[in-house]
Amino acid sequence: MAKKTQKKLSPWEIVQIARHAERPNIADYTRLMCEDFVELHGDRLFGDDRGLIGGFATIGGERVMLIGHRKGRGVEENIEANFGMASPEGYRKAMRLMRLAEKYGLPVVSLVDTPGAYPGSEAEARGQAEAIAHNLEFMSTLKTPVVIVVTGEGGSGGALGIAVGDRILMLENAVYSVISPEGCASILWRDGTKAALAAETLKITADSLKGLGVIDEIVPEPEGGAHADVAQAVAAVRKAVLASLSALKKVPVAELVDRRYAKFAAMGRF
Amino acid sequence: MSWFEKPAEAPARVPTEAIWAVCPSCKAYVAKEVWRAADKVCPKCNYHDRLSCRERVALLTDAGSFKELNAAVSFNDPLKFTDASGAYAAKAKATAEKTGVGESVLTGTATIEGVPVVLGVMDFRFLGGSLGSGTGERILLAAEKAVELKRPLIIVSASGGARMHEGIVSLMQMAKTCAAIARLKEAGLPYLSLLTDPTTGGVSASYAMVGDLNIAEPKALIGFAGRRVIEQTIKQKLPDDFQTAEYTMAHGFVDRIVPRKELKGFLAKVLKYAGF
C-alpha cells in the first residue's frame, strides 16, 4: 500500500490534519453515517447551544442517541457553532439527552471534536465548570452503553465533558489533550512558537493514547487524512461504532457500569 | 551614567520576617503571632491566605485524630515530560521533599467534633495543587474508603487545575475522581466540597463542583477558564470581583461562604443535618 511508504507524520502535522477545515464534522456524520437523525434542542434551563448538538439517530438499523460537538463549514456556520466550543447549556443538553437515552434503552454515541469548552465570561457566570463536572459524574453511572469517538480535536475538559464511556475510539489523525499545544508552549516554554515541541512532548496522538491506555481503538483514515475522502472516513467510523455497539449490547448493564468504573479507575495507575 | 539616572540605593535591610507577616493581598504588616492566631486571615482586609494541607487538617479536625491513608501513592511521570525548566520528575521529587507531602492532596481518616470522616486536603505548594495521577488515585481511594467505612467524604480543594506534565493522564483524573464520588453518592453518603483559593480549571470542573454542598472561603478564586484567557476571548476587561467566591455564590454554584474561624463548626453542623 502506498500509505505504508508515506513518511510518518509528526504530532504537530497531525494537529493540523485534526483541525483541517474540510475534516468531516458532525453534519457529515449525521448525513453519511446515519439513516435518520432527529435533532432535539435545548437544555430546558436557559437555551440551545449550537456548538454541541444531539438527537435520535439510526446507524445501520441501530437506534441510538447521538451527541457531539459541532464545528461549522465556513465562517458563518462556524460563528453560529462557536467553532465547536460548547457552553454550559451544551453540556446540560447532552446530559438531558443521555438521561432520555437511558430511559428509552438507547445506547449513546458521542462524537468529540472541540478546541475546548468556551472560555467566555457568560459561560463562567452560568457554571461551565459545574456543567462539565456533573456530566463526568453522570456519565460514569449511565445505565446504557456509551461509545465515544474522538473524531478531530479532543480539547481538554470541553472534550471530556461528553467523553466518559465504555469504548473510546479515536480517528488515526485526531488529537486528544489536556491543553492545546499552543497553550502549553506559552505556559511551560513561555514561547507560543514552541507549539510543535509541546505537541510532541504532550503525547496527544492516537498512537500515544493507545499506548497510555486512554483509548481502546484507532479508526484508520484514508490516505492524506479524513478530509481527503470524507465518505470513506465516515464509513470507517460507522463500521467501528457498529462493532462496538454490538459488543457492548451483549453485556448486562450492571456489569457494563462496573466495567466502566474499573476502566477509569485504572487510568493513571502504573 | 549621570547622578540623576543612578538607581536609588536599596534601603538598609531590616530583619522583619521574624516579627511581621505581610498580607499577600493588601500588603499590610501584621504581627506574626496575630497572623497565626487568626489562622492566616488578614485582620485588615479579611484575605484568607493559603494554608498547607497540614495546617488545614489542624484547623478542621479534632487534635490527634488524623491518620493519613495511602501515603505511598505518589506522582507518576507517564510522558517522561521535560520542558524549558527541566524534567517534571525531578521537579515533583524536589517538591515532595520540600513540602513533605508526596502528592498535591493529603488524604486520611479523622474526626470533626467527634464525627468520623474521610478527608482529602489539597496543597497548593505541590505544583500549584495540580491534579496529577497520584492526586486522582488518592482521591479515588479516599472515596472508596469512605464507602467501606460508611463515612462522609470531605475534600478541600486548592488547585490551578490539571497537571500539564502528565498530559492526557491528568485529564482522565477528572473523570476518575468524579466516578468515585458518584459511587459514594449512590451509597447514600454525604460529600462536602470546600473550595479555597484558588479552585480553577480541571479541579473546579470535576470533584470540587459536585459537592452535596459546595462551601467556599471568602474571596477565594473559583472558576473554569483563566481570567487572561477570557479577557483575550471577549476582548474586554473583567470586573475585579469576577470568579470570586462571592461571584460564584451569587450565580448559584456555591451554597455558602464560611469564614475560616467558623469552618470546623459549620462542617460539624452540616454533618448533623446529614444524619451523622
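Predicted model: local features only at pLDDT ≥ 70, side-chain atom pairs only at ≥ 80, totals over all residues.
**Stop 1**

Colour chain A and chain B separately and select the residues where they touch. Chain A gives 48 residues to the contact and chain B gives 50 residues. The area buried between chain A and chain B is about 4100 Å², and carbon and sulfur atoms account for 72% of that area.

**Stop 2: polar and charged pairs across the interface**

Next, show side chains on both sides. Four salt bridges are found across the interface of chain A and chain B. For one of them, select E137(A) and K185(B): their side chains meet in a salt bridge, with 2.7 Å from N to O.

**Stop 3: the chain A side**

Hide chain B and keep the side of chain A that touches chain B. Which elements of chain A give two or more residues to this side? Select α6 (121-125), α7 (128-141), α8 (156-160), β7 (175-177), α9 (181-188), α10 (195-202) and α13 (253-265) of chain A. Of these, α7(A) supplies the largest share, ten residues. Coloured by residue class, the side of chain A that touches chain B shows 27 nonpolar, twelve polar and nine charged residues.

**Stop 4: the largest cavity**

The structure has four cavities of 30 Å³ or more, and the largest cavity holds about 110 Å³ of space. Centre the view on E124(A), G127(A), I222(B), G223(B) and T248(B), which are the closest to the centre of the largest cavity among its 14 lining residues. Both chains take part: α7 of chain A, together with β11 (222-223) and α8 (245-250) of chain B, are the elements that give two or more residues to this lining. The largest share, three residues, comes from α7(A). By class, the lining of the largest cavity divides into six nonpolar, six polar and two charged residues.

**Stop 5: the second largest cavity**

Move to the second largest cavity, with about 70 Å³ of space. Select L51(B), R56(B), A158(B), T196(B) and D197(B); of the 14 residues that line this cavity, these lie nearest its centre. Then show β7 (115-122), β8 (153-159) and β9 (191-200) of chain B, the elements that give two or more residues to the lining. Here β8(B) gives the most, with three residues. The lining of the second largest cavity divides into five nonpolar, three polar and six charged residues.

Methods. Residues numbered from 1 in each chain as written. Chains lettered and ligands numbered in written order. Heavy atoms only, no water. Contact = heavy atoms within 4.5 Å. Buried area = accessible area lost by both parts, 1.4 Å probe. Helix = DSSP H or I, 4+ residues; strand = E, 2+ residues; numbered from the N terminus. Nonpolar A, V, L, I, M, F, W, Y, C, P; charged D, E, K, R; others polar. 1 Å grid on protein atoms, 1.4 Å probe; cavity = no way out; pocket = protein on both sides within 12 Å on 5 of 7 lines; lining within 4 Å. Points joined across faces, edges and corners; volume = space filled by probe spheres on them.
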